[in-house]
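Open the model and keep the sequence beside it.

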Amino acid sequence: MIRVILTDIEGTTSSISFVHEVLFPYASEHLPAFVRAHHHTTPAVAEQLAIVAQKSGVDSKDVEALIEVLQGWISEDRKEGSLKALQGMVWEQGYHSGELKGDIYPDAADYLQRWHDRGLRLFVYSSGSVKAQKLIFGHSNEGDFTPFFSGYFDTGVGGKKEAQSYRNILDELGVEPGSVLFLSDVEAELEAAEQAGMKTAWLVREGELPDTGRFVARDFAEVDALLRKR
Ligand SMILES: CSCCC(=O)C(=O)COP(=O)(O)O
Ligand SMILES: [Mg+2]
């Protein structure tokens, strides 16, 4: 029986266009000034920049070169933890000023609340940092969803296409693998979760439905139909 829902964000609870056409451009625009203002004064920023320097081979004192590396990573959609941590800090300013509102599909908003009220435990697993996850759900077009979530995982547990990451999440949750339903729009992530023993549902919100043995859902209402059968 499913007792835990673990959900991806981009393409699952929230549109890909929001992430790529609103969040990433916002980060690209504001990250240079943010890094210039905080690289000396904010230890959390300095710590992430040191990782960027180490991963890219750029001199850690060359702030402009580090900014260039980060801009390149944003345009490549690199899932680097250091970039994700810095993006979360930049987005925080946008959410707090009201320039950004987290986008959640109405069906996702509806069923997250229903599942919570039915006693299911809800968790997030996204490449976006835990800070960024709390912001998108805490400042959303559908209200504050953070009270519905019991916890958040980012790539601190490992990459989303690696089975070991899902085993790490299961260890932290202390639950049977088969009691967890993982929701994602990326098949390789579902395969990794299945290797760890989780159940999965593939969110295919647009385009043709794939011909696959895997459970496919157009939206969270269809995921709910699956939950009621299990
Ligand atoms: C937390 S919202 C920003 C999401 C993000 O930065 C990203 O790379 C999307 O990753 P996901 O694992 O949610 O597909
Ligand atoms: Mg996704």
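What follows starts at the metal, moves to the ligand, and then visits single residues along the chain.

This is a predicted model. Begin at the magnesium ion, ligand 2. Which protein donors does the magnesium ion have? They are Asp-8 (OD), Glu-10 (O) and Asp-185 (OD), lying 2.2 Å from the ion. Along the chain these donors follow the spacing D-x1-E-x174-D. Is Asp-8 buried or exposed? Asp-8 counts as buried because its relative accessible area is 3%, and the cut-off for buried is under 20%.

Glu-10 leads on to ligand 1. A backbone N or O atom of Glu-10 lies 3.0 Å from an oxygen atom of ligand 1. Glu-10 also gives its O to the magnesium ion. In Lys-79, a polar side-chain atom is 2.7 Å from an oxygen atom of ligand 1. In Lys-160, an N or O atom of the side chain is 2.6 Å from an oxygen atom of ligand 1. How much of ligand 1 does the protein bury? Taken alone, ligand 1 exposes 400 Å², and the protein buries 98% of that.

The ligand sits in the largest pocket. There are 14 residues around ligand 1, and those that come nearest are Lys-79, Lys-84, Ser-126, Ser-127 and Lys-160. Which helices each supply at least two residues of the shell around ligand 1? They are helix 1, helix 4 and helix 6 (130-138).

Ser-15 lies in the loop between strand 1 and helix 1. Ser-15 is buried, because its relative accessible area is 11%. A polar atom of the Ser-15 side chain lies 3.1 Å from the backbone nitrogen of Phe-18.

Go on into helix 1 itself. Leu-23 lies in this helix. With a relative accessible area of 4%, Leu-23 is buried. Pair Leu-23 with Tyr-166: the two are 143 residues apart in sequence, and 26 Å separate their C-alpha atoms.

Past helix 1 comes Thr-41. Its place is the loop between helix 1 and helix 2 (43-56). Is Thr-41 buried or exposed? At 60% relative accessibility, Thr-41 counts as exposed, because the cut-off for exposed is over 50%. The Thr-41 side chain reaches the backbone oxygen of Ala-37 at 3.3 Å. From Thr-41 to Gln-133 there are 92 residues in sequence and 25 Å in space, C-alpha to C-alpha.

Asp-77 deserves a look at its backbone. Its phi is near 55°, a positive value in a residue other than glycine. Where does Asp-77 sit? Asp-77 is found in the loop between helix 3 (63-76) and helix 4 (81-97). At 23% relative accessibility, Asp-77 counts as partly exposed. Helix 4, at the end of this loop, is one of the helices that supply the shell around ligand 1.

Two residues remain. Ile-2 has its place in the segment before strand 1. Ile-2 is buried, because its relative accessible area is 8%. The C-alpha atoms of Ile-2 and Ser-165 are separated by 20 Å, and the two residues are 163 apart along the chain.

Glu-172 is the other one. Glu-172 lies in helix 7 (residues 163-173). At 60% relative accessibility, Glu-172 counts as exposed. Glu-172 and Val-157 are 15 residues apart in sequence, with 9.8 Å between their C-alpha atoms.

Conventions: Residues are numbered from 1 along each chain as its sequence is written. Chains are lettered from A and ligands numbered from 1 in the order in which they are written. This is a predicted model: local features need pLDDT of at least 70, side-chain atom pairs count only at pLDDT 80 or more; totals for chains, interfaces and linings use all residues. Side-chain values use heavy atoms; hydrogens and water are left out. Donors are N, O and S atoms within 2.8 Å of the metal (3.2 Å for Na, K and Ca); water is not among the atoms, so sites may look incomplete. Buried means under 20% relative accessible area, exposed over 50%, partly exposed in between (1.4 Å probe, protein chains only). Helices (H or I, at least four residues) and strands (E, at least two) are DSSP runs, numbered from the N terminus. A residue is near a molecule or strand if one of its heavy atoms lies within 4 Å of it. A polar contact is a pair of N or O atoms within 3.5 Å; within protein, one must be able to donate a hydrogen and the other to accept it, and residues adjacent in sequence count only if both atoms are side-chain atoms. Accessible areas come from the Shrake-Rupley method with a 1.4 Å probe; for residues, only the protein chains shown count as cover. On a 1 Å grid over the protein atoms alone, a cavity is a set of points where a 1.4 Å probe fits but cannot get out, and a pocket is an open set with protein on both sides within 12 Å along at least five of seven lines; lining residues have an atom within 4 Å of a point. A molecule sits in a cavity or pocket if more than half of its atoms lie within 2 Å of its grid points.
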